[in-house]
Amino acid sequence: MENFRPESGPGPKLRGVRGARRLTLGMVATERLADDFGTLSEGGQVDPGRVLAAFKAAAPYLRFGPRVTQAIDWLFRFTQVQDWQEGARPIVWPSAAMQMEALCLSEAQVKRLNRLLAHLGLITMRDSPNGKRYGRRDPRGRIVEAYGFDLSPIAVRQAEFREIAERGRARFEALKQLRRRATIAVRGIQQIVETAAELGIAEGWVRQADEARRLVARIRRIEELDEVTLGVTTLENRQADLRGRLEAAMGALKEAGQAPVESTNMSPKGLTDEPHITHTNQTLDPTDHVSASRKRNSTSGGAGTSAGGSTRTGRNGDGKEAGHRPTGSRATKPEIPPDGTVFRMTPDELVRLAPRLRAYLAKSSPGWPEIVEAADWLRHDLGVSKPLWGDACLAMGREQAAVALAIVSTKPSDHFRGSPGGYFHGMVARARAGELNLARSIWGIRAASGMPRPASASGVGAV
């Protein structure tokens, strides 16, 4: 509110009263508000602690500066519980010198601050005839006479402050969710552009990704909820449009016979000296690996083996050893057991072990499809490219690739010699060579986190 001033014009000049306080419309309104404290305290004692807490909770959303909050907090130190009872008035009378010292302000700054507090509807001034602040209490501590700062307006506005704080927190959460959606949308656009670049059709699409990043940067600076909502809606619509264009372009390439050639099995009947390939879908118990190793060693000298190594009995017979597959064929997707676990681990447990996945999950109780989708988003944070992610899905299966990526996300930054993406590349290479043991890694992470170990299906204990 602007200060109330007499209209300029001819007439006699008004001589100001020495020491009198110049009133503003805001200060007059605050004095009227303070008169309602008597009605408020008729129902019982007002809790000054809750009044102050309500004010502090609302202060950030009312854009009150830290100096205003500090001044009110300091004034509340001089009030007592009986000042808030029925028939009393919460008035405090610290001197100007005390206020200057406690708040580290000059005399002029203190005067401006006090006028601001009254103008904001937080206090009203009770002036004595001589303009001094003072007060006295009876033996029971009740105020008999007092001139100074009246804190009644804050008590009267307690319900208003609570409502403002609740609305402010709700608005903050809404902005937080909108900005999260904007981040997901811009990453989706980046993913689409990367796919288009791999197909050789990204001409003009890179500009779309750059514009999306600039729009996200603006959204992060905007505080108006309507403007942020409009910006996020624009990003999501642009993502949907680009995805539709990409799908149409991929369909056109496929019809024209220019789609990427899938890997083909060049020897469907197998090779004479085919290398041994071990499945990576192994059990969690380390003793299972020991038992399997001993079993292979005990049978290595039996029938059907040569001096140079293990061979298979027949090309198409029943004696074909498990674990072999034709060279050059695509890795088969491991089947998820009926209990819905991978490596005896549920999706919820994987999220607990690798909490960085949670930021990209749309629901609190995900399944494995949601885990795979979240891992596809998480790979951007770890520096894993889309081609490498595709190779991992081919080498391990989508669920196991997501588990491997989650394991990488649990490692501290100083664990990697190079980068998390390079570390994941090494895991994919070991998976292709049949040397990756994700089960043992999970077992170690679970043990380090103190989580209980699941019961072994075979009943074999830990070693």
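This is a predicted model: local features need pLDDT of at least 70, side-chain atom pairs count only at pLDDT 80 or more; totals for chains, interfaces and linings use all residues.

Residues are numbered from 1 along each chain as its sequence is written, and side-chain values use heavy atoms, with hydrogens and water left out.

Now select residues 368-382 for H13 and 398-409 for H15. Helices here are DSSP runs of H or I with at least four residues, strands are runs of E with at least two, and both are numbered from the N terminus. The two helices pack at an angle of about 45°, with their axes 9 Å apart. Axes are lines fitted to C-alpha atoms over the stretch in contact, and angles run from 0 to 180 degrees between N-to-C directions. H13 and H15 are therefore oblique to each other (under 35 degrees is roughly parallel, over 145 roughly antiparallel, 65 to 115 roughly perpendicular, and the rest oblique).

Show side chains at the contact (heavy atoms within 4.5 Å). From H13, pick Trp368, Ile371, Val372, Ala375, Leu378, Arg379 and Leu382; they meet Arg398, Glu399, Ala402, Val403, Leu405, Val408 and Ser409 in H15.

Next, colour the largest nonpolar core, which has 43 residues. A core is a set of buried Ala, Val, Leu, Ile, Met, Phe, Trp, Tyr and Cys residues joined through side-chain atoms within 4.5 Å, with buried meaning under 20% relative accessible area (1.4 Å probe, protein chains only). Which members touch the most others? Trp389, Met396, Val403 and Phe424 do. H12, H13, H14, H15, H16 and H17 each supply at least two residues of this core.

Centre on Phe424: leaving aside neighbours within four places in sequence, its contacts are Val384, Leu388, Trp389, Ala392, Ala401, Ala404, Leu405 and Val408. Then jump to a second, separate core of 32 residues, with Phe64, Leu75, Ala118 and Ala155 among them.

Last pair: H5 (96-103) and H6 (107-119), packed at about 95° with axes 10 Å apart. H5 and H6 are therefore roughly perpendicular to each other. Select Gln99, Met100 and Leu103 in H5, which meet Glu107, Val110, Leu113 and Asn114 in H6.

Zoom out to finish: the chain has 17 helices and seven strands, and 35% of its 463 residues count as buried.

Terms used: Buried means under 20% relative accessible area, exposed over 50%, partly exposed in between (1.4 Å probe, protein chains only).
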